[in-house]
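Open the model in your viewer and keep the selection tool at hand. This tour goes from stop to stop, saying what to select and what is there.

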Amino acid sequence: MTIKSWGRRDALRLAVTAASGAGLPVAAGAQGSRNVVRLIVPYAPGGTTDVTARLLSNRISEGLGQTWVIENRSGANGAIGAQEIARSAPDGLNLLYSNEVHLVLKFVQSGVPFDALADFTPILRTVRIPYVLVGGANNIRQADARALLAAVKQDPNRFTFAGSTLGSVGQLGAAALGQKLGTEFTIVAYRGSGPAVNDLISGAVSLMFAPLGAVQPLIESGQLKAFAVTASGRVPLLPEAPTMVELGYPDMVFEGWTGIWGPRGLSADKVAAVHKAATAALREPEIVQRLAAIGCTPILESSADFVRLTQTEQARNGEIARNAGIRPE
């Protein structure tokens, strides 16, 4: 595995600036207050999960009349921060802001110290993160997605796929594509989108299902070539890129998303209060615009919708991992 440093993308810098003030430390003595909520983001600052948490947290806290403090607890692909919430009291003062990898971890990573379904209370999903199949512009010669997929099927040894982390949409999407094409190719799991994208540009790996926010500037600059998206419909920032569904793969709908969980046993009234405030924030035109700048769109669903999604998506993820021979590492 290659590990390299990576600067934040311009769009993410913009979003962090727009959210200035969110997650700032509170004064001594405020800790432990019934009015202070700790929102754990189980990843380092600067990624899409962290950025969207900061964009939303101020608005949510205002709606609830509380102070929300973001705490980045990165490590183990999000497991360290999530474990902190799994062990917390269900008092509404400790919440998790994570992403779709939370539901995949047990299939790709050994020793996960919690049950992603049983040990958490889903509150709501917040934003969709579109994923795009990209390759290095200087390394992939095929002109469009149909030609590329035909080449991958014909000679899979020529192509390697990058995944931003174990359990990422990139890893699962590549595994699912191999199953659809009836072939096998190498999938390399990295420690984050940054090092994966660096190797993609250099040609060390061939292709990647990448989060749009991480690669849009590189597509615009011509360093990466966008072939297709895994969303259910075309993505406004990439109107020329077909969906995998259009290309004849109806089950190849994969999207990233972020959401808020509480510990197991969080009361219905606390779930409802956070859901109401977060949904109001996600409807604000300014928030919608800032999310669009990093390729994200709000999700307006009920808490019950989120519960059902966690169950169905974890089942699908497990099937993909098993069929692809992915084992916990």
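Which residues line the second largest cavity? Select His102, Leu103, Leu105, Lys106, Val112, Phe114, Asp115, Ala116 and Gln314. Before going further, note that this is a predicted model, in which local features need pLDDT of at least 70 and side-chain atom pairs count only at pLDDT 80 or more, while totals for chains, interfaces and linings use all residues. Residues are numbered from 1 along each chain as its sequence is written, and side-chain values use heavy atoms, with hydrogens and water left out.

**Stop 1: the cavities**

Stay with that selection. The volume of the second largest cavity is about 50 Å³. A cavity is a set of points, on a 1 Å grid over the protein atoms alone, where a 1.4 Å probe fits but cannot get out; lining residues have an atom within 4 Å of a point. Grid points are joined across faces, edges and corners, and a volume is the space filled by probe spheres set on the points. Five nonpolar, two polar and two charged residues make up the lining of the second largest cavity. Here Ala, Val, Leu, Ile, Met, Phe, Trp, Tyr, Cys and Pro count as nonpolar, Asp, Glu, Lys and Arg as charged, and the others, Gly among them, as polar.

The whole structure holds two cavities of 30 Å³ or more. Now select the lining of the largest cavity: Glu100, Val104, Gly167, Val169, Leu172, Phe254, Glu255, Glu313, Arg316 and Asn317. Helices (H or I, at least four residues) and strands (E, at least two) are DSSP runs, numbered from the N terminus. H11 gives the most, with three residues. The largest cavity has a volume of about 60 Å³. Its lining has four nonpolar, two polar and four charged residues.

**Stop 2: the second largest pocket**

Select Arg128, Pro130, Ala231, Glu255 and Thr297. Of the 24 lining residues of the second largest pocket, these are the closest to its centre. A pocket is an open set of points with protein on both sides within 12 Å along at least five of seven lines. This one holds about 440 Å³ of space. Strand E4 (120–129), helix H10 (285–292), strand E11 (297–298) and H11 each supply at least two lining residues. By class, the lining splits into 14 nonpolar, four polar and six charged.

**Stop 3: the open sheet**

Colour the strands next. Five of them form an open sheet in the order E7-E6-E8-E5-E9, with mixed pairing. Strands E7 (186–189) and E9 (224–229) are at the edges with a single partner strand each, so one side of each has no neighbour in the sheet. From one strand to the next, the twist averages 30°. Two strands pair if DSSP finds at least two bridges between them.

Zoom in on E8 (residues 207–211). It runs antiparallel to E5 (residues 131–136), joined by five bridges. In that pair, Gly135 stands opposite Leu207, and Leu133 stands opposite Phe209. E6 and E8 pair in the parallel sense over two bridges. There, Phe161 stands opposite Leu207.

Which way do the side chains of E8 point? Leu207, Phe209 and Pro211 point one way, and Met208 and Ala210 the other. Five of the five residues of E8 are buried, meaning under 20% relative accessible area with a 1.4 Å probe, protein chains only (exposed is over 50%, partly exposed in between).

**Stop 4: helices across the sheet**

Select helix H7 (residues 193–202). It lies across E5, E6 (160–163), E8 and E9, at about 140° to E8. Helix H8 (residues 212–221) lies across E5, E8 and E9, at about 115° to E8. Axes are lines fitted to C-alpha atoms, for helices over the stretch in contact, and angles run from 0 to 180 degrees between N-to-C directions.

Within H7, pick Ala196. Ala196 is buried, at 0% relative accessible area. Beyond its neighbours within four places in sequence, Ala196 is in contact (heavy atoms within 4.5 Å) with Ala162, Gly163, Tyr190, Val205 and Met208.

**Last stop: Asp119**

Select Asp119, in the loop between helix H4 (105–108) and E4. Is Asp119 buried or exposed? At 17% relative accessibility, Asp119 counts as buried. Leaving out residues up to four places away in sequence, Asp119 touches Ala86, Phe114, Pro263 and Arg264.
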